[in-house]
Amino acid sequence: MDVAIQIVASGLTLGAMYAVSTIGLSLVYGSLNMLNMAHGALLALGGYICLYVMTALGMPGIVGVLAAVVVCGLVGLIIYLTTAAPMLGGEQFETRVFIATIGFGAVVENVILKLFGPQPTAQPLKLAGDVVIGNVHVPNQNLLILVVALGLMVGVALLLKRSRLGRAIRATAQSREAAQLMGVRVAAIYAVVLALSGGLAAISGIMVSSLSSLLPNLGGDPMLKAFIICIVAGLGNVTGAVIAAIALGLLEALAQYALGVQYSFALLLLLVIVVLIWRPYGLFGRQQVVRL
């Protein structure tokens, strides 16, 4: 029983962190048909902004989080203005913007490296103490991550389902031309989506760094797993991405216990191969039929 509690607690924490990162990645793809490969760099940037505000400026943690969200949101907006917008409507947009965002992410990582150095740094935003469930001590930090992630997921769901902005985002994702005909300012929606994705990446980066440490390449592993989750769920499916993130977090925790840490990532890749063979469009994706 104690082992099961430990696996569930660890799996839910991993799944919550992956879900926050995956939502941003999936939102951008669903709206722009664009894989933002600078997403991992934004995770690291968010963690370092929070660190700087709390240590160098002496501000409380909530100010550090808000500063990270604002800065990474602005960087997401810059990605749209400088990288995505000039390529929209051009030939091979998906391939070109994929390569361009890799370069943008490399620039951000090198700026972080220049400003903060290569050494691992502890994230000061941590909640001390733990909760005892059975004989298992679950850190309060893990519970905080789970609560914040659930709040963000509910918030994004309400934004997409109930708000005027959310309806515009969904309309643009379904058909850019039809949305334009209905008076939706598509360019503004794209900019908002990338800014929102940047803000979510910042919170995800703070979560990840609070359990490990800050490094300029911190976002590489979470972004890769978020990409895997997007493939398993179906690219662009936000709800499916959340469900897949929680499920894969639990699966990873179980694999780490049963097989060892070194085999958990290999198991996730094997799962991707199985899903792509069984359902090439993802577990929650829809098969598209093209008639000639």
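How are α9 and α11 oriented relative to each other: roughly parallel or roughly perpendicular? In this predicted model, the two helices pack at an angle of about 25°, with their axes 9 Å apart. Angles under 35 degrees count as roughly parallel, and α9 and α11 are therefore roughly parallel to each other. Their crossing is left-handed. On the α9 side, the residues that take part are L224, K225, I228, I231 and V232. These residues meet F265, L268, L269, V272, V275 and L276 of α11.

Helix α10 comprises residues 238-258, a run of 21 residues. From its first C-alpha to its last, α10 reaches 30 Å, close to the 30 Å expected at 1.5 Å a residue. Its buried residues are V238, G240, A241, V242, A244, A245, L248, G249, E252, A253 and A255. They pack against α1 (2-32), α5 (140-162), α9 (220-233) and α11 (261-278). Just after α10, G260 adopts a positive phi of about 110°.

F93, V97, T101, F104, G105, V108 and I112 are the buried residues of α4, and they pack against α1, α2 (39-55) and α3 (61-84). The helix is followed by G117, whose phi is positive, near 85°.

Individual residues were then examined within their surroundings. T22 lies in helix α1 and counts as buried because its relative accessibility is 0%, where the cut-off for buried is under 20%. Leaving aside neighbours within four places in sequence, T22 is in contact with A226, I229, C230 and A241. I169 is located in helix α6 (residues 164-174) and counts as buried, at 3% relative accessibility. Apart from neighbours within four places in sequence, I169 is in contact with S31, L160, I189 and V193. The C-alpha atoms of I169 and N237 are separated by 13 Å, and the two residues are 68 residues apart along the chain.

V132 is found in strand β1 (residues 130-133). With a relative accessible area of 47%, V132 is partly exposed, because this class lies between the 20% limit for buried and the 50% limit for exposed. V132 and L159 are 27 residues apart in sequence, and their C-alpha atoms are 35 Å apart in space.

The cysteines were considered last. A disulfide is a covalent bond between the sulfur atoms of two cysteines. When a disulfide is taken as a pair of cysteine sulfur atoms within 2.5 Å, the count comes to zero disulfides. C50 is in no disulfide, and the nearest cysteine sulfur, that of C72, is 10 Å away. C50 is buried, with a relative accessible area of 0%. C230 is likewise in no disulfide, and the nearest cysteine sulfur, again that of C72, lies 18 Å away. C230 is also buried, with a relative accessible area of 1%. C230 is among the residues in contact with T22.

Methods
Residues are numbered from 1 along each chain as its sequence is written. This is a predicted model: local features need pLDDT of at least 70, side-chain atom pairs count only at pLDDT 80 or more; totals for chains, interfaces and linings use all residues. Side-chain values use heavy atoms; hydrogens and water are left out. Helices (H or I, at least four residues) and strands (E, at least two) are DSSP runs, numbered from the N terminus. The expected span of a helix is 1.5 Å times one less than its number of residues. Buried means under 20% relative accessible area, exposed over 50%, partly exposed in between (1.4 Å probe, protein chains only). Contact means heavy atoms within 4.5 Å. Axes are lines fitted to C-alpha atoms, for helices over the stretch in contact, and angles run from 0 to 180 degrees between N-to-C directions. Angles under 35 degrees count as roughly parallel, over 145 as roughly antiparallel, 65 to 115 as roughly perpendicular and the rest as oblique. A crossing is left-handed if the near helix is turned anticlockwise from the far one by less than a right angle, and right-handed if clockwise.
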